[in-house]
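Q: Could you walk me through reading this model, feature by feature?

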Amino acid sequence: MTEDKNKKTEKNKDELHEFDEEDEEELEDSNKVTEDVGEDDELDLTDYKNNSIKTMPMIPLRGLSIFPYMVLHFDIGREKSISALEKAMMMNQLVFLSAQKDADTDLPTHEDFYKIGTIAKIKQMLKLPGDAIRVLVEGVSRGEIKDMILEVPYFKCTVKQIEEKEFEEIPSRLVALMRSTLGYFENYLELNPKISQDIFPSVASVDQPGRLADVITSHLDIKTEEKQKILEAYDPEDRLEILSEILSKENEILTIEQDINIKVRSQINKSQREYYLREQMRAIQEELGQDEAIEDEIATWMSQLKKLKLSPKITEKVEKEIKRLSRIQPSSAEGGVIRTYVEWILALPWNKASKGAIDIKNAEIILNEDHYGLEKVKDRILEYLAVMKLSKAMKGPILCLVGPPGVGKTSVAKSIARAVNREFVRMSLGGVRDEAEIRGHRRTYIGAIPGRVISAIKEAGTNNPVFLFDEVDKIGNDFRGDPASALLEVLDPEQNKEFLDHYLEIPFDLSKVMFITTANTTETIPRPLLDRMEVIYVPGYTEEEKVKIAEKYLIPKKIKEHGLSDENITISERTIRSIINYYTRESGVRNLERELANLCRKVARKIVEEDATRFRVTAGNIESYLGKKRFRYDIIEGENEIGVATGLAWTIVGGDTLFIETTLIPGSGKLVLTGQLGEVMQESAKAGVSYIRSISKELGINEDFYKENDLHIHIPEGATPKDGPSAGVTMCTAIISSLTNRPIRKDIAMTGEITLRGKVLPVGGIREKVLAAHRAGIKKVLLPAENEADIEEIPSNVRKRLEFVLIHNVSEALEHALVKTES
């Protein structure tokens, strides 16, 4: 057997070295050679071959395996290994080599190496500095340890030689396996650049299957455990099958590794090409006198864009814009447009969100801290937050807080943001007529910017803020578009996931934003927009609630804002009630807050000018601070009158009493209506007259009263427009009083719409109307029977002081309202 068939070039950890021409020269020239059995001193193995079991020294190998017919050299330095080597040289130069199971074990025992190894012949030895010895060996045959005789001072064991099966005529299956294995090995050499393909012809010339497997394995760069499996396979067929499986797996890994290397190389080549081109561009820009900072700016933008992790489509579009900027003059108008556009996109919070969790108990505490009363509103908001917490989604109705000015709609929205630990942004829609305010301007226009929705999201810095659309009922439209229609896309949970701003021209996800709207009335909100919102009515405050709000929130706030202290100013409860009743007329507390601020300013000036430190504001001296009383409330006083009925009205500033006066004068049957009555009230008056004519006999009225007399209906405070169906029953009662000459009780007020059949229909604003009646000194209130459920909304302290009568028709109202005549 020739050396060029079997010699193995391999490196494995620190024990395996290639035996090359350099080593041969070193061995020939060195004077440190202790033993050389050379290739000329062929070992007589006759006795060895005749005896299959032989006692010999054993050397455990770390990190390598040796196969029969394999020539290699390795270094040994452990004392046991050196002693075993010296013993072998004194005997017949035969040594048993077996791989360690764990290469890191420095002092192995017989359990730390494999039982099957290779019987090898020592060909050369060379002492190295540091007491190490380099050994050249040649594998002879497989061997199996039968018994371990010695472990100290070296390993000595009895070894059974494993004879290699030789074939004179190789079976067809083995031939097929040999060809298949050679094919795998040829592919392995093509994929592995570490091994020269020149060795393939010599390997292919091996004609015995077992020896072919050993030779191929000796060239493979695989783990020791896998080589050991092949070494332990005695049968050539089993050996080739194991080797084929290992080669197939290695080829697959090498193919993947090659693909990765190709991709890496292509990326490196691309980077090198881009670097070269950028350097050329930099040189050109220097010649043209352009600013080099633009390249650094572009590099920064590209880095920021990569960190945003946007979708491939959006990333591609933004990269295209950035590259456009690099190709044009930075100082040009188009360059400024592109720069502004890219900066807007990079500044948006695409993936940044507030991480606050919804805590219902904490939300309830915050709502109670920030607002007095509004129990139903708070309950509905907490229900909304509870559903959000359970569903873990934002999809659902948009809350619309509807109520008079100054009742705290905006502050409720701020409290919601604080309760869910999110950023709060606000956009007022009052007077907005341009669709571009919502969707932005296209970049083709000079000075184009994104819409106010995207601008507010950028200002918030997160993609899930609480977003308040204020005054949604005052949105308009003209030739520039319909902002309400644009809002449909913003507020619709099915559409706002990909909201498209005209300026950005790329979709932005608004589905995580919590939208809230406010309005004073739902009448002017476009129907399609109202359908997407759930209305929560925020009622006006009662006088009691205003007093509590002033004491708990407004007065401490204004005292602090004006640099005062509790010792400087004292405001009694009676004073607060005077301010509420005579200096403000509103459902909310905005004007009350303004008057309290005015009061604090007056006191602050007095402290500075008069050097006084303590002032007490009372109901008696309030006019010296705030001037003459601006408003008055109707107080029921005097005697019962004919043709004068007390009605109840609801306005945007709350409830109010309404005195309806009627008089009958000779004439031709005209119906005169004065006091700026609206169309609905005029129709109610006409319906009342028609109803009275239909029951004139029952009332004892002349059937021709409408021909011989003119009927005049007047509602005082004629400068104030009045409208609505609520005064129907009141006007009908006043007319009947005039016709029957029966007075109406002063301490009774009523409200309700009437039909031509005399039925009393339900109306709205019962809470506010009843509070106005209580304030005016009314003792009994007549309400439509169908408004019975609304009585529960009236504060309990007011309910206790009033008598409520539920009426179904006008006859029942007359029974309670008209003073009974003496029979």
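Q: How much of the chain is buried?
A: This is a predicted model. Of the 823 residues in the chain, 48% are buried.

Q: How many helices and strands does the secondary structure hold?
A: There are 30 helices and 27 strands.

Q: What share of the contacts joins residues 24 or more positions apart?
A: Take the contacts with a separation of 6 or more. Residues 24 or more positions apart account for 74% of them.

Q: Is Ile736 buried or exposed?
A: Buried means under 20% relative accessible area. Ile736 has 1%, so it counts as buried. Its place is in helix H27, residues 728-740.

Q: What does Ile736 touch, leaving out residues up to four places away in sequence?
A: The list is Ile692, Leu699, Asn741, Val810, Leu814 and Leu818. Take Ile692: it is 44 residues from Ile736 in sequence, yet the C-alpha to C-alpha distance is 7.3 Å.

Q: How should I read a charged residue such as Lys378? Where does it lie?
A: Lys378 lies in helix H14, residues 375-391. It is buried yet has no salt bridge. The nearest side chain of opposite charge is Glu375, 4.3 Å away. A salt bridge needs the nitrogen and the carboxyl oxygen within 4 Å.

Q: Which side chain makes a polar contact with the side chain of Lys378?
A: That of Asn368, at 3.0 Å. Beyond four places in sequence, Lys378 touches Leu367, Asn368, His371, Tyr372 and Gly373.

Q: Which residues make the nonpolar surface patch?
A: Ile256, Ile260, Val264 and Ile268 make a patch of about 330 Å².

Q: Where is Ile260, and why does it count as partly exposed?
A: Ile260 has its place in helix H9, residues 236-288. Partly exposed covers the range between buried, under 20%, and exposed, over 50%. Ile260 has 48% relative accessibility, so it counts as partly exposed.

Note on methods: Residues numbered from 1 in each chain as written. Predicted model: local features only at pLDDT ≥ 70, side-chain atom pairs only at ≥ 80, totals over all residues. Heavy atoms only, no water. Patch = residues over 30% accessible without salt bridge, like charges linked within 9 Å, V, L, I, M, F, W, Y side chains within 5 Å. Areas by Shrake-Rupley, 256 points an atom, 1.4 Å probe, with all protein chains shown as cover. Helix = DSSP H or I, 4+ residues; strand = E, 2+ residues; numbered from the N terminus. Buried < 20%, exposed > 50% of the residue type's maximum accessible area, 1.4 Å probe, protein only. Lys, Arg positive; Asp, Glu negative; His and termini not counted. Polar contact = N/O pair within 3.5 Å; in protein donor to acceptor, adjacent residues only side chain to side chain. Contact = heavy atoms within 4.5 Å.
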